[in-house]
Amino acid sequence: MTLVLTSLHAGAYAEVRLPHLFSDHAVLQRDRPIHVWGWSTPGAHLLAHFHQQQVASIADAQGRWSLSLQPETAGGLYVLTITGDG
């Protein structure tokens, strides 16, 4: 499964950052839950869109956030988009 990553800013322009592991053309393990994490403006509401999934998270007081996506089968090209309201 190949991943194309986009990180968008919405609303009050939360700064959404991901570890370098999540970059263009990343390959994720199939048939396993997908753990995604990163940093943003403290208290930001984040929304991840991946394939046919949509999962929300909220950044803690230090701006850390994480979420889990359901396992996916082999395939792709899939796009992971993270948006935040900050």
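Which residues does Val36 touch, not counting residues up to four places away in sequence?

**View 1. Val36 and the residues it touches.** In this predicted model, Val36 sits in strand E3, which covers residues 34-39. Leaving aside residues up to four places away in sequence, Val36 touches Leu18, Phe22, Trp65, Ser66, Leu67, Leu69, Leu80 and Ile82. The relative accessible area of Val36 is 1%, so this residue counts as buried, the cut-off being under 20%. Take Leu18 as one partner from that list: Val36 and Leu18 are 18 residues apart along the chain, and their C-alpha atoms are separated by 8.3 Å.

**View 2. Glu72, a buried charge without a salt bridge.** Look for Glu72 in the loop between strand E6 (64-69) and strand E7 (78-84). Glu72 is buried, and the nearest side chain of opposite charge, Arg30, is 12 Å away. What the Glu72 side chain does have is a polar contact with the side chain of Gln53, at 2.7 Å.

View 3. Over the chain, the mean pLDDT is 87, with 83% of residues at 70 or more. Confidence is highest in strand E5 (residues 53-58), at a mean of 98. Strand E1 (residues 2-7) is where confidence is lowest, with a mean of 52. Over residues 7-11, pLDDT stays under 50, though the model has 14 contacts beyond four places in sequence for them.

Notes: Residues are numbered from 1 along each chain as its sequence is written. This is a predicted model: local features need pLDDT of at least 70, side-chain atom pairs count only at pLDDT 80 or more; totals for chains, interfaces and linings use all residues. Side-chain values use heavy atoms; hydrogens and water are left out. pLDDT is the predictor's confidence in each residue, from 0 to 100. Helices (H or I, at least four residues) and strands (E, at least two) are DSSP runs, numbered from the N terminus. Contact means heavy atoms within 4.5 Å. Buried means under 20% relative accessible area, exposed over 50%, partly exposed in between (1.4 Å probe, protein chains only). Lys and Arg count as positive and Asp and Glu as negative; His and the chain ends are not counted. A salt bridge is a side-chain nitrogen of Lys or Arg within 4 Å of a carboxyl oxygen of Asp or Glu. A polar contact is a pair of N or O atoms within 3.5 Å; within protein, one must be able to donate a hydrogen and the other to accept it, and residues adjacent in sequence count only if both atoms are side-chain atoms.
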